[in-house]
Amino acid sequence: MQTTLSEKAKRLSRADEAESILRSCVHCGFCNATCPTYQLLGDELDGPRGRIYLIKQVLEGNEVTEKTQQHLDRCLSCRNCETTCPSGVDYHNLLDIGRAVVDEAVPRQPKQRLLRDGLRALVLSPTLFKMLVHLGQTFRPLLPDTLKTKLPRSSYPVSPRPTQQHDRHVLILEGCVQPTLSPNTNAATARVLDRLGISITPISQAGCCGAVDYHMNAQQTGLARARRNIDAWWPNIERGAEAIVQTASGCGAFVKEYGHLLKDDPAYAAKAVRVSSMAKDLVEVLQDEPLETLGILSDLRLAFHCPCTLQHAQKLGGAVETVLSRLGFNLTSVPDSHLCCGSAGTYSLTQPELSRQLRDNKMNALESGKPEVIVTANIGCQTHLDGAGRTPVRHWIELVEEALH
């Protein structure tokens, strides 16, 4: 796509990157065929091709309006378009660049600012988040449905973490909201890895991966969190940690971007590349292990929801399904498994109507094979889908850990 950046746009730190991405787009429109919002709304500007054109106009110095901002806000950042694109357009990075420019030009309404700032503050304060979730559980009958659906429907026993130390050890990112919303996920991970002779070293100084801030246009705050995590992990990396494990694919997708996002930071560029190369989704660790030694035999009927951050961002579609099949679980077929469930980080709160439509479509697809339980690999998807109040939704590692007994 022929592009001529404005003089102002040329001064952006990522101007060359934006221009290169724009020029790689041949405007074929294949991306629209797999874009969830384009399928719902049928508007060219609510598909990747249209959004790319909007960003091009903005970077060429054309007028920026609230309408432009709205079309970019409606994007789920699911990256399905990247999987479909024959030209390899790096859409998600262009979107981050474009959103930052648009938000600088178009001040948000006070209600929007309050919601977005409140979400960042709430999600990134584990203590406050935990307190409010427990308060919400206490007064659940009095809450509006929009808030009820965000609270866990069921509580499951939390497995004790093993204390034995093995020669092999990995680090784990505990996560922001997962310890409160699904506290057994990381404990179950520790128990399964322990049976395989791998210890987990938790690093309390490592906090949020930075994705929530970064994708809500607090990009420098997000990068600051990335640097703090690198500093927290580095001593254990030097002591021989094999990997940095994420049990939430959304976090994993972002940590794997550290190397790219910090490539121009002389103090962190090399370390960020190392951290990104060590970042592994849990399934990447397990798929290379002798799973047969776990002694699991289960014919439980499961439907697996593959998060966008696992299949489109990390290119690990089919990996969890393969592991679960090796362990004997009975997996049902899921139509349109490439489509987003509508969770998309904070999207279910900033775009609730679109998010609900996508969730209900996804639940219909997941339930079409009549599973006993639905499993997934990302806490956002898990909470969002479970909020429909239909078939229970859990993290897949919990079902594996329960089958150990």
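Reader: In this model, how much space lies in the second largest cavity?

Author: A cavity is a set of points where a probe fits but cannot get out, and in this predicted model the second largest cavity holds about 60 Å³ of space.

Reader: Which residues line the second largest cavity?

Author: Lining residues are those with an atom within 4 Å of a point of the cavity; for the second largest cavity they include C35, P36 and T37, then P48 and R51, and also C75, L76, S77, C78, R79, C81 and Y91. Both α3 (36-41) and α4 supply at least two residues of that lining.

Reader: What classes of residue does the lining of the second largest cavity have?

Author: By class, there are eight nonpolar residues in the lining of the second largest cavity, together with two polar and two charged ones.

Reader: How many cavities of 30 Å³ or more does the structure hold, and what volume has the largest cavity?

Author: The structure holds three cavities of 30 Å³ or more, and the volume of the largest cavity is about 130 Å³. The elements that give two or more residues to the lining of this largest cavity are α4 (48-59) and α6 (80-84), and α4 gives the most, with three residues.

Reader: Which residues lie nearest the centre of the largest cavity, and how do the residues of its lining divide by class?

Author: Of the 17 residues that line the largest cavity, C25, C31, I52, C85 and V89 lie nearest its centre. The lining of the largest cavity divides into eleven nonpolar residues, four polar residues and two charged residues.

Methods
Residues numbered from 1 in each chain as written. Predicted model: local features only at pLDDT ≥ 70, side-chain atom pairs only at ≥ 80, totals over all residues. Heavy atoms only, no water. 1 Å grid on protein atoms, 1.4 Å probe; cavity = no way out; pocket = protein on both sides within 12 Å on 5 of 7 lines; lining within 4 Å. Points joined across faces, edges and corners; volume = space filled by probe spheres on them. Helix = DSSP H or I, 4+ residues; strand = E, 2+ residues; numbered from the N terminus. Nonpolar A, V, L, I, M, F, W, Y, C, P; charged D, E, K, R; others polar.
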